[in-house]
Number of protein chains: 2
Amino acid sequence: MARFKHERLAEQFIGLIERGELKAGQKLPSLRMMSKQQGVSLMTAYQAINSLQGLGYVESRPKSGYYVRRPKQKISFRRQQKLSQKKNPKSIDELVQLVYGTNRSTEYISFALNTPDVELLPATKLKQSILHVNRNRSHSALQYGPIQGIRDLREQIAVLMANSGIEVDSDELLITVGCQEAINLAITACTALGDKILIESPTYFGVFQAISSKGRIPVEVETDFETGVVMESLFEAVEKHKPAACLLVTNFSNPLGASIPDSDKERIVRFMRQKKVTLIENDIYGELYFGAKRPRSCKSFDRDGSVIYCSSFSKSLAPGYRIGWIESGQFFDQIFQAKIHQSVATSTLNQEILAHFLKNGRYDLHLKRLRKQLHTQSLRYQEQILAHFPEGTVLSRPKGGFVLWVQLPPSINTLKLLHLAMQQQLNFAPGQLFSLEKDLHNYLRISIGKPYDEKVEKGLQLLGKLLHSSSE
Amino acid sequence: MARFKHERLAEQFIGLIERGELKAGQKLPSLRMMSKQQGVSLMTAYQAINSLQGLGYVESRPKSGYYVRRPKQKISFRRQQKLSQKKNPKSIDELVQLVYGTNRSTEYISFALNTPDVELLPATKLKQSILHVNRNRSHSALQYGPIQGIRDLREQIAVLMANSGIEVDSDELLITVGCQEAINLAITACTALGDKILIESPTYFGVFQAISSKGRIPVEVETDFETGVVMESLFEAVEKHKPAACLLVTNFSNPLGASIPDSDKERIVRFMRQKKVTLIENDIYGELYFGAKRPRSCKSFDRDGSVIYCSSFSKSLAPGYRIGWIESGQFFDQIFQAKIHQSVATSTLNQEILAHFLKNGRYDLHLKRLRKQLHTQSLRYQEQILAHFPEGTVLSRPKGGFVLWVQLPPSINTLKLLHLAMQQQLNFAPGQLFSLEKDLHNYLRISIGKPYDEKVEKGLQLLGKLLHSSSE
């Protein structure tokens, strides 16, 4: 029996749908109506609908409401279990090493790498930029660049940010070694030893150690498959834990693929400012939207520099270049100083190449193509997973970004599955990587960065087979 | 009156020399004899001789002893004062920003940048390597490289290290974003929150925050102008503070330019192993020796992986590329994991360029030339400083590396001097940057990375003038 009210409510609706009492295309009552009819809170009604969406029984149509949707395959409802505590949080480090540590042969199919395949990147155009820089500027590339990063690139990034609704002076930007360094700088700058930092749960593994290696304490906050961090839980956690900062991937998060609705972003910024909690926003996936419009960032609602904004070109242009940036809000001096003792400066050569590439308007064109490709890939991966994974599989439906988050029946242990998969020259990121606190043994993350082809198809089918045999 | 025994002893000798009772070229008694005659400890005798050397009254001749040397100019003895405690250690960060924060016009003369001038770097040959990589491999450069760094470069570095007496498997190396990241990884990997880490005093400013931002505690240990960290003080500090690690620049340190004698390196390695203290060795300047032979590293005496070795190409080949490396001793897994949450991976492009450059034997040739150039520059800078700085100036005489360490009369405040100098389009690194504990208000560091020319000459003369007027 389902433990939570929203689970019981969701099961009721599944019953109605499966018995044909609610038909495909039929509109569901509004949340307010559902709350009244069922005597539950609005929140419970919302969570039930969210589960139904995650399971594929219901779809939302903008400005209209929720509609019944017949799932392509019958996937039975496994209730969202109260997740138990992890026994050995340290094992995340070892897991990371297991998944990402060794060099793979070209035969290997990796669904673990959260990055665009080289085929999706503008290699030829970037080569032209390299030639240009080599011809005109490589002397300067030899020397330490400014600690803050070169002006040319900062100006291009300021333009990029203006296009997404953030007005920023290029003098307030600092170039970093990818987004990961930006996050590290932000943590160092706006928190002190022993401070708590709120993070989404699940979240990507780079965050845990970035926080704890500096003697700060990560505190995990509940999330929703679709809308990311749960507002009420976030606000409660602020009251309860008095954190110094809150670190959120606001758009197309990793591993959930969730995006915080723009109106909630505004609420978060307002709330955090009021509570004097610094918001560290990681918007590394923001440009990779599948829809018509870029989602906003929290930073775009920031009026007084209480949001530190981090992003990079690693998911969209040149992962190997290790170029990211940070808009430091009120913390410019602290971040500048932290940069010196973290890595002194960022590679001048790579900055010059990207500045040239952006200046020539090539990034916009590239992004337009990339978004379409990723959307197509995401859908095709989803289809295969729905077709081949066992009953009880729940799949995220991200509206951008790189990853699919897969919930499997509780009997599946994705770590064991990983070992089997690796024997077959195949890997993925097991759920246990994504939380220090929660036992995510029956989850896994699939990256869709590799263009969908026969090899990918076979890989997903093979995973499905392994899943079927391990659930028997 | 001098406060310390060794200062009183040094003053006695200065009296003898200045009254002509000890003549230039005359041999001094041995340390053992001096200790007997004067009723002081060997250590005191040694410290006195060290002061006399620093002041230019005495020189040491290998395997022979100490001899009187008439200084070129009369520099009076300012006793090494008991350094007082600093009032605001945080000001180091602000100082760093003052010195390194702003972009300088080309008119600016910076004696603060501890790095080779672009004229000393093999720009043309590196351009060829860029072209080669761009032609043959830039596809791979777009992608995240292996977390550990690319094999080609690791192999070249293993060869380089073998040439300097360290046998290492390229699989045990990890490529980093310069030496600074390597130091950060080492600290994260081999120490825990609250642990103490011994460092030389004075030392370069990047170290303090690298340690304290992670909740570790830096403990400063006495040094000698010529031989670096004082062995007895180091050993005492280990007993007293029970540190988890000890971080030393073993060759041509920054800012002292001191090198630990090879026999002492072996003693340090043995002692630290016995006391279970991890030695983090920063050997970034090791290749930049002015003499006939590369000094050894502590790592070359390491038998069981208790030394973590850090270095980079930033002082010798391409500062702006931000490529360093780490040999992690027993800590490979921890360092690998720390790398992931620090910066994920190092720029693939830059690694490929340097691998190609090294493979073609170009680094050796370049180093041979660079060493000669730096040696010449160092001597010419020294001459000018001795000619133009006020009486009471004591100058380091490094046998390699990039920097001169200048002790000025106690009445001089080099921070005030810096403000005056900056108004004249000139800067340097004031002493206060190099210690958290000690008041180094009358010290400064001059980098010799810029080829000696009229501009440099005028800059040093101008500094001399400012010094004279501020000491009046």
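Visitor: Let me start with a detail. Is B:R322 buried or exposed?
Guide: B:R322 counts as buried, because it has 31 C-beta neighbours inside 10 Å. Bear in mind that this is a predicted model.

Visitor: Where does B:R322 lie in chain B?
Guide: In the loop between β11 (307-312) and β12 (324-327) of chain B.

Visitor: What about its backbone? What is the phi of B:R322?
Guide: Positive, about 55°, although B:R322 is not a glycine. As background, most residues other than glycine have a negative phi.

Visitor: And A:R322, what phi does that have?
Guide: A:R322 has a positive phi of about 55°. It sits in the loop between β11 (307-312) and β12 (324-327) of chain A. A:R322 is buried too, with 31 C-beta neighbours inside 10 Å.

Visitor: Cis peptides next. Which bond in chain A around A:P255 is cis?
Guide: The one from A:N254 to A:P255, with omega near 10°. A:P255 is in the loop between β9 (245-249) and α11 (262-275) of chain A.

Visitor: Zoom out. How many helices and strands are in chain A?
Guide: Chain A has 16 helices and 17 strands. Its radius of gyration is 22 Å, close to the 23 Å from the globule rule for 472 residues, so chain A is as compact as a globular protein of that length.

Visitor: What are the spans of the C-alpha trace along its principal axes?
Guide: About 70 × 55 × 45 Å for chain A. Buried residues make up 53% of its 472 residues. Among contacts in chain A with a separation of 6 or more, 74% are between residues 24 or more positions apart.

Visitor: Which domains is chain A divided into?
Guide: Domain 1 is 5-68, domain 2 is 91-119 + 365-471, and domain 3 is 122-363. The C-alpha centres of domain 1 and domain 3 of chain A are 36 Å apart. Their contact takes four residues from each of these two domains. On the domain 1 side, one residue is nonpolar, three are polar and none is charged.

Visitor: Now the pair. What rotation superposes chain A on chain B?
Guide: A rotation of 180°, with 0.1 Å of shift along its axis and an RMSD of 0.3 Å. That is the relation of a two-fold axis.

Visitor: Which residue of chain A comes closest to the rotation axis?
Guide: A:K214, with its C-alpha at 1.9 Å.

Visitor: How many residues does the contact take from chain A and from chain B?
Guide: The contact takes 57 from chain A and 57 from chain B. Of the chain A side, the largest share, eight residues, comes from α12(A). By class, that side has 25 nonpolar, 26 polar and six charged residues. Also, 100% of the interface residues of chain A are interface residues in chain B, so the copies meet through the same surface.

Visitor: What does A:L126 touch?
Guide: Not counting residues up to four places away in sequence, A:L126 touches A:A318, A:I353, A:F357 and B:L142. Its place is in helix α5 of chain A. A:L126 is buried, with 25 other C-beta atoms within 10 Å.

Visitor: Last one. Where is A:L436?
Guide: In the loop between β16 (429-430) and β17 (443-447) of chain A. A:L436 is buried, with 23 other C-beta atoms within 10 Å.

How values were computed: Residues are numbered from 1 along each chain as its sequence is written. Chains are lettered from A and ligands numbered from 1 in the order in which they are written. This is a predicted model: local features need pLDDT of at least 70, side-chain atom pairs count only at pLDDT 80 or more; totals for chains, interfaces and linings use all residues. Copies are superposed by least squares on the C-alpha atoms of residues with pLDDT of at least 70 in both. Two residues are in contact if their C-beta atoms, placed from the backbone, lie within 7 Å. Helices (H or I, at least four residues) and strands (E, at least two) are DSSP runs, numbered from the N terminus. The radius of gyration is taken over C-alpha atoms; the globule rule is 2.2 Å times the number of residues to the power 0.38. A residue is buried if 20 or more other C-beta atoms lie within 10 Å of its own, exposed if 12 or fewer, and partly exposed in between; C-beta atoms are placed from the backbone. Domain bounds come from an automatic or database domain assignment. Ala, Val, Leu, Ile, Met, Phe, Trp, Tyr, Cys and Pro count as nonpolar, Asp, Glu, Lys and Arg as charged, and the others, Gly among them, as polar.
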